[in-house]
Amino acid sequence: MRKTKKKRAREYVRLLDKAHEAVRKAIETRNTGIAMELLEECQDAAIQLGGLIEESEGENFSTISILEDYCELVYQIHEAVREDAKADAGRFYKRLHKFSIQIENSINNEIATQTEAVFLPYKASMWDSLESVWKAADEDPDCSAYVIPIPYYDKNPDGSFGEAHYEGDQYPAYVPVTDYNSYDFEERRPDIIFVHNPYDQYNRVTSVHPFFYTSNLKKFTDKLVYIPYYILDEIDPDNHEAVDGVKHFCTVPGVVNADKVIVQSKGWRQIYINVMTAEMGEGTRSIWEEKILGLGSPKVDKVLGTRIEDIEIPEEWRRIIDKPDGSRRKIIFYNTCVTALLQHGEKMLRKMEQVFETFKENQEEVALLWRPHPLVQATIESMRPQLWEEYRKLVEKYREEGWGIYDDTPDMNRAIVLSDGYYGDASSIVQLYEKTGKPIMMQDVEVLNE
């Protein structure tokens, strides 16, 4: 039985207890009519409770037979009160109360609690921030886990919604996807909802559908959990200058609206607590200490749990990776992020051109695997539209020449596991790549070949 239904079942028992007390008082004060009405209501409540239990446990479940015996007792007491206004109120109350204890014990001890957990990713490439949690839920026999990819929109420069996107068909084959239109949140009221988008309406580049803003989702569950889709550099919580530079990651609607927030480390937990306490007042510290959990990031679980033999390598990638003699070229994961493009504009494009020329000249020994941030197009079009056309031409040229790999698939972990080293911008991917123990070299846009 779902937690929410079991909670309702217990509420029925509490109502019966209150009604039994009222029946006793009505009989003692010779209010026969009221006593009989209350007993009729007890029987109706028991029938409704039986229907609730029957839905999930079946008509032959043990609690049902207890309720049937209870209804028979209620009928007998009803008739006894109708025939004798001086009926023994105390004896009747004890018999009713004994049954309510039996019913409550049966509900608590014999009905297994089934949790319903819903996972709401929006970009398939960010699914790794939820996957290990989903796997644990999916493997739990007492949990029903639903993966429900949700739609999102690009934002126009004026903040209005642009093109709509839905990536429900881009998840791994082993992940069963539920269509968001077929799940009734108001009716089902999942016990727990997991999200990785915390921005609600305040993201300047994209927005999930407003129904899935955390401010709205919290109406439909008793536990809303936010897990960031990124990993950040570890910094000292007492380094106030460094914390000032990252506090915008903490002060988002998802942190405020969630019941629990799971962050990558104990250090980041303390940063969140300190930042939110400073924002909301010292009196709120205990709230954030209860809410923020430094349990680690599922993204790390995904990277460390992926083996190279489990990776499916596209044939066009193999053509670039494999040498004529059957050996394999070294693979460099080239990562370009949104921030660098926004900060450096055309200078960043010149840097990328030179990187491509260098690797093109050395393609016999090294294969370049270029994986730009999945939100580059949406971000540049929204915030630097004049830069987009030149960037697009750079992408087209790289892809048409065909000497390097262009990876725009949702699976970032494949690039991490498959490659032999990292080169590129500072981003959350660097924190993940460090876990592999493979070499990392950071890109410096200021270093350009004359």
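Which helix does N216 lie in? Some notes on that and a few other spots follow.

1. N216 sits in helix α7, residues 214-217; helices (H or I, at least four residues) and strands (E, at least two) are DSSP runs numbered from the N terminus. Please keep in mind that this is a predicted model, where local features need pLDDT of at least 70, side-chain atom pairs count only at pLDDT 80 or more, and totals for chains, interfaces and linings use all residues. Residues are numbered from 1 along each chain as its sequence is written, and side-chain values use heavy atoms, with hydrogens and water left out.

2. Is N216 buried or exposed? N216 counts as buried because its relative accessible area is 15%, and buried means under 20% (exposed is over 50%, partly exposed in between; 1.4 Å probe, protein chains only). The N216 side chain reaches the backbone oxygen of F211 at 2.8 Å. Setting aside neighbours within four places in sequence, N216 is in contact (heavy atoms within 4.5 Å) with P210 and F211.

3. Strand β5 (residues 192-195) is worth a look on your screen: I192 and F194 point one way, I193 and V195 the other way, and all are buried. β5 pairs with strand β1 (residues 115-120) in the parallel sense over four bridges; strands pair if DSSP finds at least two bridges between them. Within that pairing, I193 is the bridge partner of V118. β5 also runs parallel to strand β7 (residues 224-226), joined by three bridges, and there F194 stands opposite V225.

4. Now for helix α12 (residues 298-305), whose buried residues are P298, K299, V300, K302 and V303. Their cover includes α5 (131-139), α18 (412-418) and α19 (428-434).

5. G421 lies in strand β13, residues 421-424. It is classed as buried because its relative accessible area is 4%. Not counting residues up to four places away in sequence, G421 touches I331, I332, F333, Y433 and P439.

6. The structure holds one cavity of 30 Å³ or more. A cavity here is a set of points, on a 1 Å grid over the protein atoms alone, where a 1.4 Å probe fits but cannot get out; lining residues have an atom within 4 Å of a point. The largest cavity has a volume of about 90 Å³, a volume being the space filled by probe spheres set on the points. Its lining includes I227, Y230, W268, Y272 and P298. By type, the lining residues divide into nine nonpolar, three polar and no charged.

Notes:
On a 1 Å grid over the protein atoms alone, a cavity is a set of points where a 1.4 Å probe fits but cannot get out, and a pocket is an open set with protein on both sides within 12 Å along at least five of seven lines; lining residues have an atom within 4 Å of a point. Ala, Val, Leu, Ile, Met, Phe, Trp, Tyr, Cys and Pro count as nonpolar, Asp, Glu, Lys and Arg as charged, and the others, Gly among them, as polar. A polar contact is a pair of N or O atoms within 3.5 Å; within protein, one must be able to donate a hydrogen and the other to accept it, and residues adjacent in sequence count only if both atoms are side-chain atoms.
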